[in-house]
Amino acid sequence: MLKEMFKKTYTLIDSKYRTVEKTGEPNIPEGLWKKCNKCCQPIYAEDVRNNHYVCPKCKGYFRVHAFQRIEMTADPGTFEEWDKEMEFENPLDFPGYEKKIAAAREKTGLSEAIVTGVCEINGLKAVIGVCDAGFIMSSMGHAVGEKIARAVERATAEKLPVILFACSGGARMQEGIVSLMQMAKTSAALKRHHKAGQLYISVLTDPTTGGVTASFAMLGDIILAEPGALIGFAGPRVIEQTIGQKLPEGFQRAEFLLEHGFVDKIVPREEMKEILTSILKLHNPHNKECFCVDNQETNENACGKKSGFWPKKTKRSPWDTVQLSRSADRPVASDYIHQLFDDFMEFAGDRYFKDDGAIVGGIASFHGMPVTVIGQEKGKNTKDNIRRNFGMPSPEGYRKALRLMKQAESFNRPIICFVDTPGAFCGLEAEERGQGEAIARNLFEMADLTVPVLSIVIGEGGSGGALAMAVGNEVWMMENSIYSILSPEGFASILYKDSKKANDAARVMKITAKDLMDLGLIERVIPEEEPACAENISEIAREMDRAMIEFFAGYLTMTKEELTNQRYDRFRRM
């Protein structure tokens, strides 16, 4: 079908490498060498085409025609174009606009700067829209906004996910304020799609700027970007002229946005189709139903059942447990994630300021059921500890965790949190960015989540920084973990005026798993026959897996109201 579209269009697909006649297939001279306009090295055109239009030498990304992008994404023969012909409108009677549109149509073979339709991606049905930079730099006028709105509305009605490949120089200047209104129109359509519980994936390509960035491009439930893509509201040249300063290298590139919390993941072009497939699979609501059916027997036995493990008596003192919980050899959150879940895909950023390495989170599969997994992450060496701030989250870390939890709620996915932090970061910059508000907001929002929430303390559970990830329907602890109002050292310093009495403080604080089980503050203790380490994590994970199946079999049968009431009552009793 796509070949037929190529034949019917008068297109110039990547003019650096192809010449196209008025009719027929693209004419690609064999053995044609060109110079890469990024690295200036000679490259063989066929190599570039076979490499998804990526320079084989400098790895620079070339812009591709909309149908070429669809061909790389959709299964062969599955794409059905929607709203192919759009009537021309010139709302401002702008001089020469009609001729400009006619020239763009002749050049690209498209009626407008975006192609929309429905397709299958590795057998999974989705609505897709692809912007084409060859059509007046894919600027957004009425026709572009209308095509996007219609595609999203139809996807909502048919309960299909939406994938939009954004690329734009901004608003269509020739349409003035009418162009500006398309920002609100596309955003409103996506809001209705979101309220209907449907998935929207935004893929940012080079360049994504102006009004497109300030509307549909940045509203994805999941936002992906191609490496090196220019992404920003105002273009670099405009910013430099406005502030009179030279911009730093890498400013407004995809990697810059990932670091600053606005992009979930940077995906190389050759991996895009498989990543999209994984995301679509993990948003399949039928997978949850399959889990319930597969575990029906467990479900019948587990409903309303409170279970716990009483660890064997040991000679370890509470201070011994504190030291074990902090051991450098102790497995971290990502170790348990990879042991317990399949297809884990990490997402980044709080959508406000930054990506915090002290929090890892994303989507995964648990026995075929989509789940959201979030963990406080310590490093395993000095370099990694610095990158993860020794497991002490900043405000943006808690906001990232909450963003992922609210996303899970939107798609009815259970949430599993792994708690392991000495406490929230207490630096100057954390206070400036609202550490207390970020923790409070998590407690406030987690209390009312309408999906099952399970929190497991795997190491240190330090103060409010731990509680911000532990407002669950149940909270479990590893046998050699701790959960406390603050560190024993801090407790001793405040009450005993001597931090060296931390050993004594640990004993009176009641911070071990056994202590908290006796106090009725947790529901289960995960046994450690030997202290958790790389050698026995598989055995521990099997115990966790068994317990989690029991947990979900019981809680997945509850209504949303029952889940929130159970969580409220749990804390109300304390």
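The model is predicted, so local features need pLDDT of at least 70 and side-chain atom pairs count only at pLDDT 80 or more, while totals for chains, interfaces and linings use all residues. Residues are numbered from 1 along each chain as its sequence is written, and side-chain values use heavy atoms, with hydrogens and water left out.

**The chain as a whole**

- You can find 24 helices and 18 strands in the chain; helices (H or I, at least four residues) and strands (E, at least two) are DSSP runs, numbered from the N terminus.
- Of its 574 residues, 54% count as buried, where buried means under 20% relative accessible area, exposed means over 50%, and partly exposed lies in between (1.4 Å probe, protein chains only).
- Take the contacts (heavy atoms within 4.5 Å) between residues at least 6 apart in sequence: 71% of them join residues at least 24 apart.

**An annotated region**

- An unreviewed UniProt entry lists residues 36-58 as "zinc finger region: C4-type"; UniProt positions are given in the numbering used here, feature names are shortened, and annotations may be inferred rather than shown by experiment.
- In the model, the end C-alpha atoms of residues 36-58 lie 9 Å apart, and the span is 26% helix and 13% strand.

**Cavities**

- Rolling a probe the size of a water molecule over the atoms shows where empty space is left.
- On a 1 Å grid over the protein atoms alone, a cavity is a set of points where a 1.4 Å probe fits but cannot get out, and lining residues have an atom within 4 Å of a point.
- The whole structure has 2 cavities of 30 Å³ or more; grid points are joined across faces, edges and corners, and a volume is the space filled by probe spheres set on the points.
- The largest cavity holds about 100 Å³ of space, and of the 15 residues that line it, R63, V64, R69, T205 and D206 are the closest to its centre.
- Strands β5 (124-131), β6 (162-168) and β7 (200-209) each give at least two residues to the lining of the largest cavity.
- That lining has 8 nonpolar, 1 polar and 6 charged residues, with Ala, Val, Leu, Ile, Met, Phe, Trp, Tyr, Cys and Pro counted as nonpolar, Asp, Glu, Lys and Arg as charged, and the others, Gly among them, as polar.
- The second largest cavity has a volume of about 70 Å³, and its lining includes E87, F88, Y97 and H142.
- Helices α4 (97-108) and α5 (142-157) give two or more residues to the lining of the second largest cavity, with the largest share, 3 residues, coming from α4.
- By class, the lining of the second largest cavity divides into 4 nonpolar, 1 polar and 5 charged residues.

**Residues to look up**

- A348 sits in the loop between β11 (342-346) and β12 (359-366), yet A348 is buried, with a relative accessible area of 8%.
- A348 and K400 are 52 residues apart in sequence, but their C-alpha atoms are 7.4 Å apart in space.
- Not counting residues up to four places away in sequence, A348 touches L258, V263, D264, D355, K400 and R403.
- N442 belongs to helix α18 (residues 435-446) and is buried, with a relative accessible area of 0%.
- Leaving aside neighbours within four places in sequence, N442 is in contact with Y398, A401, L402 and A468.

**Cysteines**

- The structure holds 0 disulfides, a disulfide being a pair of cysteine sulfur atoms within 2.5 Å.
- C417 is buried, with a relative accessible area of 0%, whereas C426 is exposed at 65%.

Key. On a 1 Å grid over the protein atoms alone, a cavity is a set of points where a 1.4 Å probe fits but cannot get out, and a pocket is an open set with protein on both sides within 12 Å along at least five of seven lines; lining residues have an atom within 4 Å of a point.
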